[in-house]
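Welcome! Try each task before reading its solution.

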Amino acid sequence: MNPARPARGELAARLRLIVITDRELARPREVTDVVAAALRAGAPAVQLREKVLPPRDTLPLARRLRTETEAARALFFVNDRLDLALAVGADGVHLGSDDVPVSAARRIAPPGFLIGYSADDPDAARTAVADGADYIGCGAVFPTNTKKDAGRAVGLAGLARVVEAVDAPVVAIGGIAPASAAGVFRAGAAGCAVVGAVMAARDPGHVVDGLLGAGGAEVS
């Protein structure tokens, strides 16, 4: 875990791409194999999203991903589960409206711990940042089948409104692929978070290359 929260510019660069796990989409491969390929291609961040496995089975997976991301000097986030993120020494947690409030998570979190929050509404995004969120995950930007409760797609215009509302990096999520990522960056997003584009890819590293190269700049 980083001893201090990175400055906004540094954090934005490290959030250029967040690869979000999905065991079903990764099959017949293991999630860890797909993540390893993404990390070799330079993915700067990984988020463990696990909605099915019980905590006792999720913990070993989280520990392994923590080890792999640490070796690659990539950020590691856990979706929803603040307790699990803290238990494995993750760099941060990504929260939604049904999870522990950002303000409560900030009080519990150690120095350097990053908190992301999902919001497609500018007011909700502003409140989350005021409460201590380090970045906002905005979406679904485009229609997606990988998150059943994603709701109506907000489009690039909706993404831009959230970007303009907060003084924090905004990461776009929902239906993003290399072909559409450039538009996301033009709308002002610091990065994009992807599930199916990488998890279901025959060549995850090739997709990561395309996503990192979108918009004319790459992670250094």
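Predicted model: local features only at pLDDT ≥ 70, side-chain atom pairs only at ≥ 80, totals over all residues.

**Exercise 1. Find which residues touch the most other members of the largest nonpolar core.**

Solution. Start with the term: a nonpolar core is a set of buried Ala, Val, Leu, Ile, Met, Phe, Trp, Tyr and Cys residues joined through side-chain atoms within 4.5 Å. Buried means under 20% relative accessible area, exposed over 50%, and partly exposed in between, with a 1.4 Å probe and protein chains only. The largest core has 62 residues, and L17, L159, V198 and L211 touch the most other members. Next, take V198: setting aside residues up to four places away in sequence, V198 touches V19, V34, A38, P204, V207, V208 and L211, where contact means heavy atoms within 4.5 Å.

Residues are numbered from 1 along each chain as its sequence is written, and side-chain values use heavy atoms, with hydrogens and water left out.

**Exercise 2. Work out in which order the strands close into a barrel.**

Solution. Strands (E, at least two residues) and helices (H or I, at least four) are DSSP runs numbered from the N terminus, and two strands pair if DSSP finds at least two bridges between them. Here 8 strands close up in the order 1-2-3-4-5-6-7-8, with parallel pairing. Now zoom in on one pair: strand 2 (residues 45-48) and strand 3 (residues 75-79) run parallel and are joined by 4 bridges. Within strand 3, F77 stands opposite Q47.

**Exercise 3. Identify the residues that form an aromatic pair.**

Solution. Rings of Phe, Tyr and Trp (its six-membered ring) pair if their centres lie within 6.5 Å; planes under 30 degrees apart count as stacked, over 60 as edge-to-face and the rest as tilted. The count by this rule is 1 aromatic pair. F77 and Y135 form it, edge-to-face, at 5.6 Å centre to centre with 70° between the planes. The two are 58 residues apart, with F77 in strand 3 and Y135 in strand 6 (residues 135-138). Finally, check accessibility: F77 is buried because its relative accessible area is 0%, and Y135 is buried at 1%.

**Exercise 4. Decide whether E68 is buried or exposed.**

Solution. First locate E68 in helix 4 (residues 55-71). Its relative accessibility is 19%, so E68 counts as buried. Then list its partners: beyond neighbours within four places in sequence, E68 is in contact with T32, V35, A36 and L39.
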